[in-house]
Amino acid sequence: MLRPCVVALLLLSVARAEEHPDQLAKTWAEAIENVNREHAKDPGKAREADLAARLPKPARAALESLLKMKDSAEFFDALATAGEASLELDLSSDFDRILARLAKASPDHAARLGNALSRDRLILRGMGGLDRPWLLKFAEVLEAILAAYDELYGFKEWSKVPGKKLRVRVHLEKEIVNPPHFAPQFPFHSEIDFPVADGKAFTSPTPDGKFLFYGLCHELGHVIAMWGGRENEEDHHAWAHYTGVTVVAHIAAGKHDFLKDLKDVKWRSLTLERESLKDAKRTSERDAALRLFIALHDRLGPKALGDAINWLDAQDKRLRINRVRYYTFKELREGLLATQKGVEARKAVEELLSGK
Ligand SMILES: [Zn+2]
């Protein structure tokens, strides 16, 4: 049996280890990861707001202890780690407290951590010096895009892990080198990576001809559905283009103040695409896939596509790669036939998707 003073020493060393800023941040981050991992195994009906309540008490205590620590380089790094982790779950008020503490102690660290906004269906992160007013404007556009997708298609689930909010990471760069993209690698949520080069306003197209507004609408199409599989891109990249031009045109037909800065519809719209596809020289496989989506849109209405995808999601039998949802035209046909009851609509599905 250990003597009491040895026990006291051991306890003291354990307490000290736990009070180390790294360790506290790790406790916080690991607890968040565990909650996400358990949720991903069996998402059920839980929404992201419910998940925060599953965080164990010691994790919360660790964050409280961390926030009270004295300034040091190690402490700043630990706070930044804890801030990053907070956004893996929708803990934006904790993120804001961490950011406020960092802003006082080390503005450099705070600037690197960036800003975050949480909305009903998304968490927006702004990096590289995008301030809160900029993010608020961007969030307004993003929410209008989601509302347009609702009105047109009514997709039920935005994240590859049901219940999780969609993430959009916007970062200010000197120049946009890589276009916006759907980043499929995050284990527990869907995320779009979105570079911008103007930290004062969100305008599109950019002076060098980048269609950022259309790009955002397009990437959300990828988030909803990928086609084929790892080796075979069955839609030849036509789906996200189709939803992108459809959503751009839908929003442009409405009344939004931001439309004075976002003029993509002049070059990117469903009407223009439909016209352009009349060109007999457009014979690529991508053009064929695009014609198919537009024909389904025109004959059944976009809502039919949404219903079919929602039906397939409810079955949840189609391919997933890194949890990202992949569909085939054959499955789309199945989904449409399961949800379309009208004779004309079923006839259109058979005609357009026969042999798929
Ligand atoms: Zn794309």
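The legends below describe close-up views of one predicted model.

Residues are numbered from 1 along each chain as its sequence is written. Because the model is predicted, local features need pLDDT of at least 70 and side-chain atom pairs count only at pLDDT 80 or more, whereas totals for chains, interfaces and linings use all residues.

View 1. Helices (H or I, at least four residues) and strands (E, at least two) are DSSP runs, numbered from the N terminus. Taken along the principal axes, the C-alpha atoms fill a box of roughly 85 × 50 × 35 Å. Of the 356 residues, 38% are buried, a residue being buried if 20 or more other C-beta atoms lie within 10 Å of its own, exposed if 12 or fewer, and partly exposed in between, with C-beta atoms placed from the backbone. Among contacts with a separation of 6 or more, 66% come from residues 24 or more positions apart; two residues are in contact if their C-beta atoms, placed from the backbone, lie within 7 Å.

**View 2. The packing of helix α2 (residues 21–41) with helix α5 (residues 73–86).** The two helices pack at an angle of about 5 degrees, with their axes 8 Å apart, where axes are lines fitted to C-alpha atoms, for helices over the stretch in contact, and angles run from 0 to 180 degrees between N-to-C directions. That angle makes α2 roughly parallel to α5, the term for angles under 35 degrees. On the α2 side the contact includes W28 and I32, and on the α5 side it includes F75 and A78.

**View 3. The antiparallel strands β1 (residues 115–118) and β2 (residues 122–127).** Four bridges join β1 to β2, and two strands pair if DSSP finds at least two bridges between them. A hairpin of three residues links β1 to β2, and S118 stands opposite I123 in β2.

**View 4. An open sheet of three strands in the order β6-β8-β7.** The pairing in this sheet is mixed, and its edge strands, each pairing on one side only, are β6 (226–227) and β7 (320–321). Two bridges hold β7 in antiparallel pairing with β8 (residues 324–327), and the bridge partner of I321 in β8 is V324.

**View 5. P187 in the loop between β4 (181–183) and β5 (191–196).** P187 is partly exposed because 13 other C-beta atoms lie within 10 Å. The C-alpha atoms of P187 and R37 are separated by 8.6 Å, although these residues are 150 residues apart along the chain.

How values were computed: Angles under 35 degrees count as roughly parallel, over 145 as roughly antiparallel, 65 to 115 as roughly perpendicular and the rest as oblique.
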